[in-house]
Amino acid sequence: MPSWFTVSRAMALATLVPTLALANPAAPKAAASGKARVERASTRPSKHYTIQQFMKTTLIRGASFSFDEQRVLYSSNQTGIYNVFSAPVKGGKPTQLTRSTTDSTFAVSYFPQDDRILFTRDQGGNEQHHLYVRTPDGKEKDITPGDKHRAVFFGWSQDEAGFYVLTNERDERFMDLYRYDAKSFERTRLYQNEDGLDVGAVSADEKWIAVEKTNTTADSDVYLLNLATKERKHISQHQGTATWSPAEFDTTSTALYLITDEGSEFTRVVRYVLATGKMEEVEKTDWDVMYTYFSRNGALRVTGINADASTLIRVQDTKTGKQLELPRLPEGDITSVSIGRGEKRLAFHHRGDRSPNNLYVFDLTTKKATRLTDNLTTEIDAKDLVDAEVVRFKSFDGLEIPNILFKPHQATAQTRAPALIWVHGGPGGQSRKGYNPMIQYLVNHGYVVLAINNRGSSGYGKTFYTADDQKHGKEPLLDCVEAKKYLASLPYVDGERVGIIGGSYGGYMTLAALTYHPGVFNVGVDIFGVSNWLRTLKSMPAHWESRRQALYQEVGNPETQEAMLREISPLFHAEKIRQPLLVIQGANDPRVLQAESDEIVQAVRKSKVPVEYVLFPDEGHGFTKKKNEEEAYSRTRAFLDQYLKKPANGPTN
């Protein structure tokens with residue numbers, strides 16, 4: 001699940017699994033804004049699958065080429081927990097490289113000149129990630145040891161003799177930047193963070209570092225730091241509200257590429273020329289540019305664009321300026337693009353609404369795409385799953401709200417189905433197209449799901465993004481109430497059986513809906529959601545210090561706005577909750593503490609309202625173990641079948 005706090009639109013999307021569409025896209029068409037297009041959805045019979053069958057599908061993350069470009073490194077949960085695997089670029093059986101049975105392990109990178117790998121893991125979801133090295137003989141070493149800090153890989157040096165790591169071991173509030181020697185692992189501190197800034201990019205010649213200062217969730221600045229002289233130059237001076245974020249230095253250390261929305265609704269790419277200080281326009285679209293980065297030698301530049309709940313990906317030849325044509329695969333999106341050192345191969349993921357990520361390698365010379373994984377279990381026919389559709393409705397004040405709609409095959413005007421409003425994490429996240437196992441499982445068993453992008457969501461311009469500031473539990477929540485009305489207008493939805501579900505910030509919205517609009521929704525499913533903003537804002541992880549004031553501006557300051565935060569915190573008004581509630585929580589969650597769920601459960605039970613509570617002792621802010629996913633999904637469906645699926649009048653659907 002995404003975090004409950006995001007600082008900017010780009011950072012909001014970094015917390016989600018991106019869905020990147022094919023290169024050279026046509027301009028996005030206007031999405032459906034009513035029933036006409038929705039009603040044409042398929043009504044073919046659908047076979048029902050068990051949760052055990054859904055859990056046999058494998059999820060993967062990441063892609064990194066070996067030094068000789070003969071293998072690709074990635075993470076997979078096929079063993080029941082994420083471990084690191086390596087697959088031959090020509091296809092064949094993958095090799096499992098790590099064998100953790102307790103803590104999820106995620107691939108970072110092959111070493112650029114040998115077969116060692118870097119990977120990361122935390123302890124039971126506590127997000128204190130460390131960086132490890134695995135040698136070809138299977139030995140593992142923690143190169144960032146310690147008990148109370150986290151370490152984040154920040155990329156390879158241009159000379160490939162070292163790599164960069166961010167860590168908060170010196171001061172738990174701030175992340176310092178180190179260069180590690182790739183052989184000895186001896187390190188040198190390049191930047192000591194005393195001002196609560198975020199490192200954004202390091203130049204190839206290691207003369208410059210770009211750092212970002214977060215002012216608010218929609219306003220930020222970039223400074224250029226000369227490592228030799230320690231001089232810091234403000235290069236993003238602007239009027240009004242605008243985000244400025246460093247993307248990457250070019251490979252010749254002559255320019256810094258940045259992402260900004262100054263003077264516009266959507267972000268674009270600009271370039272700051274180091275020698276002259278000139279700012280030049282590079283790339284823009286009618287949507288947000290999320291990121292841009294170069295291949296090792298700068299021959300290619302990849303740009304990701306957030307276009308109406310999908311991401312368009314462009315790969316550009318930097319010499320000719322032409323976009324490369326990517327392979328035409330079955331309907332779906334390309335994501336996690338990694339470019340080989342020789343700049344002749346791409347590794348990427350491809351997924352659709354009915355298919356999880358699969359790993360491919362694309363040869364730019366032969367134009368051949370080789371599929372390395374087949375992750376949807378053979379026990380499930382993809383035709384029995386459903387495609388998602390972007391739909392829109394107008395909210396109480398006329399604001400257009402975008403959504404992702406999942407319609408069961410068996411739902412018709414004659415057999416109307418119960419429905420769920422699905423609220424994403426954040427604030428500032430986004431519901432997106434693409435395979436979602438929990439949603440597909442619920443839809444397969446007869447639930448319509450409307451994944452709402454209420455005001456405050458990423459991807460629809462900065463005015464929409466900031467429309468929820470200091471309004472949580474109010475206008476954004478009213479969008480969810482209006483979403484129920486939209487669902488009720490669909491001929492195949494039973495408007496008398498509509499629930500609300502969400503994780504993280506979406507869990508808060510679920511609790512808020514049951515609290516402040518009692519009777520609107522029949523049930524609520526809260527997955528590690530905030531119940532008490534005062535506690536959550538005061539107990540945020542120490543390394544979020546650089547974003548503290550931005551979060552206060554977004555939600556509220558617990559030191560100066562206590563009354564307002566109590567007003568919008570469901571815990572202090574729990575007696576208003578009258579509908580059945582399911583709460584799911586990870587005991588090691590550092591963002592939304594277990595106490596948030598413990599106390600709301602206790603408070604609602606005092607009113608004799610049906611409450612079910614599922615606590616996982618070995619999870620944090622989300623699920624990384626299949627056994628826990630299986631229990632959470634099955635408990636959710638059983639709860640919904642009991643309290644939502646039975647119609648008010650008539651037989652069970």
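Which residues of H6 are buried? They are Pro476, Leu477, Asp479, Cys480, Val481, Glu482, Ala483, Lys484, Tyr486 and Leu487, where buried means under 20% relative accessible area, exposed over 50% and partly exposed in between, with a 1.4 Å probe and protein chains only.

Before going on, a word on the source: this is a predicted model, in which local features need pLDDT of at least 70 and side-chain atom pairs count only at pLDDT 80 or more, while totals for chains, interfaces and linings use all residues. Residues are numbered from 1 along each chain as its sequence is written, and side-chain values use heavy atoms, with hydrogens and water left out.

Helix H6 covers residues 475–489, and its 15 residues reach 21 Å from first C-alpha to last, close to the 21 Å expected at 1.5 Å a residue; that expected span is 1.5 Å times one less than the number of residues.

Now for the chain as a whole. Helices (H or I, at least four residues) and strands (E, at least two) are DSSP runs, numbered from the N terminus.

| Feature of the chain | Value |
|---|---|
| Secondary structure | twelve helices and 36 strands |

Among contacts (heavy atoms within 4.5 Å) between residues at least 6 apart in sequence, 56% join residues at least 24 apart.
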